[in-house]
Amino acid sequence: MYFCKVSVLFTDRFTYIDDCIEASNNPKDYKFYKMNKALKIYIAGHKGMVGSAIWRALEKKGYTNLMGKTSKELDLKKQQAVLDFFKDEKPAVVIDAAAKVGGILANSSFPYQFLMENMQIQNNLIDGAFQSGIEKFIFLGSSCIYPKLAPQPLKEAYLLTDSLEPTNEWYAVAKITGVKACQAIRKQFEKDYVSLMPTNLYGYFDNFDLKSSHVLPAMLRKFHEAKNNGNANVTLWGSGTPMREFLFVDDMAEAVVFALENKLPEYLYNLGSGKDITIKELAELIQKVTGHKGTIVWDSEKPDGTPRKLMDVSKMKDIGWEYSTELEKGIEKTYNWFLENIESIKETKM
Ligand code: NDP
C-alpha cells in the first residue's frame, strides 16, 4: 500500500513527491523525489575525476541546469565568496566533489593543508548551503575515514570506533567532520544532507602521474610504456598479495544520481563493488588489457601497505543501488580513454 502526497517545496526550485512510502518494513521503502530536470545543481569540483563523472551522469539523465566553477573562478576556501555565490546563483542542490587530494607523501608532508584546506572547503560549502536554505546536499568522502584496524568488510557503523591510519589521518579527520556536519544538519533540521564514501575509484580523467597517482592508473601507464618499450619488464612494489577493491568512476556517478533522486534514509553510505582482488591479479588484468608481453617483477623490499581494504556495500544495495561495470570492462574503457587522450594527458599530468 502506498501513500503519496504531492507537495512543492521552497518555491518552484524543487518539486518532489513526499511521503511516498510503502507501508511495510521492506528496506526498499524510502522517500523519493520526482526530479525536475531543470533543477539548478551545483557540482563543486566539477573538473576533477569525480566531479566530471557526476556532471556526465547528470547530463546523460537529462539534467539541463548544471553549474560548476574552477578554483580560480571560486576559491572554496573563502567563506564570503562562497556565501555570495550561493546568494547570487541559488542552486537547489549542492554536490561536493571538491577537495585537496593527494597520496601518502603529500599527506605526510603537508598535514596542516590537508586538514585545514579540506575543512575550509567543506565547511564553506556545507554551512553556506545550510545558511542559504539549500535543502539537499551530497558530500563525497572516502574509505580512509574508517579506522585502520576496523574489521573487513568496512561497515558504516565502524566510523569513529578506533584510531585512523596515521599516514592520511589529517585528510580523514577533515572528511569525518564533513560527514558529521551533514549528519548534524540532517538530525537537527531534518534536511536531506547525506554523505557517500567511495572506495578506490578509477576511470576517465584519472591521474596518470607516476609520482602522485593511485595504484591502478600507475600500473596502466607502466604496462603501456613497457609494451611500447619492446615489452620490457614491469617492476611493481611489494609482494602483490594485498587485496583492494575498485569502482569504475561512472558507476560512482550513477550512485550520486541515485542519492540525488532519492531521499536516502540514513546519513552515511559506502560506495563500492563489494569485491576485492589481489594486487597481483590486478597487475595480470592490466597486463592483459594493455597487451604487454613482458615479465612482471615484484620488488618485495618495498612495503605492501594494508593487507586488505574492502567496503561493505550492503546498505546501498538494500535501498536499490549496485555497481554495474566489472573490473576488466572498466580497465578496458579506461585504457581506451588513456590512448585517445594520451597527448593531453602528457601535457597536464605525465
Ligand atoms: P581531483 O583532484 O581530480 O579533483 C578535485 C577537485 O576539487 C578539482 O576540480 C579542484 O578544482 C577542486 N578544488 C580543490 N580545491 C579547491 C578550492 N580551493 N576551490 C575550488 N575547488 C577546489 O579529485 P577527485 O575527483 O579524485 O576527488 C574528489 C572527491 O572524491 C574527494 O573528496 C575524494 O576524497 C573523493 N574520492 C576520490 C577517490 C579517488 O579514487 N579518486 C576515491 C574516493 C573518494 P580545480 O581543478 O579547479 O582546482
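Visitor: At what angle do the axes of helix H4 and helix H5 cross?
Guide: This is a predicted model. In the model, the axes of H4 (residues 111–131) and H5 (residues 169–189) cross at roughly 15° and come within 7 Å. Angles under 35 degrees count as roughly parallel, so H4 and H5 are roughly parallel to each other.

Visitor: Which residues make the contact?
Guide: From H4, they include Phe114, Leu115, Met119 and Phe130. From H5, they include Trp170, Val173, Lys175 and Ile185. By class, the contact of H4 with H5 has 13 nonpolar residues, four polar and one charged.

Visitor: Which residues of H5 are buried?
Guide: Trp170, Tyr171, Ala172, Ala174, Lys175, Gly178, Val179, Ala181 and Cys182 are the buried ones.

Visitor: And what covers them?
Guide: The cover of the buried residues of H5 includes helix H3 (104–109), H4 and the strands E6 (136–140), E7 (192–198) and E11 (268–271).

Visitor: How many residues does H5 have, and what comes just after?
Guide: H5 has 21 residues and reaches 29 Å from its first C-alpha to its last, close to the 30 Å expected. Just after H5, Glu190 takes a positive phi of about 55°.

Visitor: Switching to helix H2, at what angle do H2 and H4 pack?
Guide: H2 (residues 79–89) packs with H4 at an angle of about 40°, and their axes are 9 Å apart. H2 and H4 are therefore oblique to each other. The crossing is right-handed.

Visitor: Who touches whom there?
Guide: Gln79, Val82, Leu83 and Phe86 of H2 meet Asn124, Leu125, Gly128, Ala129 and Gln131 of H4. That contact has five nonpolar residues, four polar and no charged ones.

How values were computed. Residues numbered from 1 in each chain as written. Predicted model: local features only at pLDDT ≥ 70, side-chain atom pairs only at ≥ 80, totals over all residues. Axes fitted to C-alpha atoms, helices over the stretch in contact; angles between N-to-C directions. Helix = DSSP H or I, 4+ residues; strand = E, 2+ residues; numbered from the N terminus. Parallel < 35°, antiparallel > 145°, perpendicular 65-115°, else oblique. Contact = placed C-beta atoms within 7 Å. Nonpolar A, V, L, I, M, F, W, Y, C, P; charged D, E, K, R; others polar. Expected span 1.5 Å × (residues − 1). Buried ≥ 20, exposed ≤ 12 C-beta atoms within 10 Å, placed from the backbone. Left-handed = near helix turned anticlockwise from the far one by under 90°.
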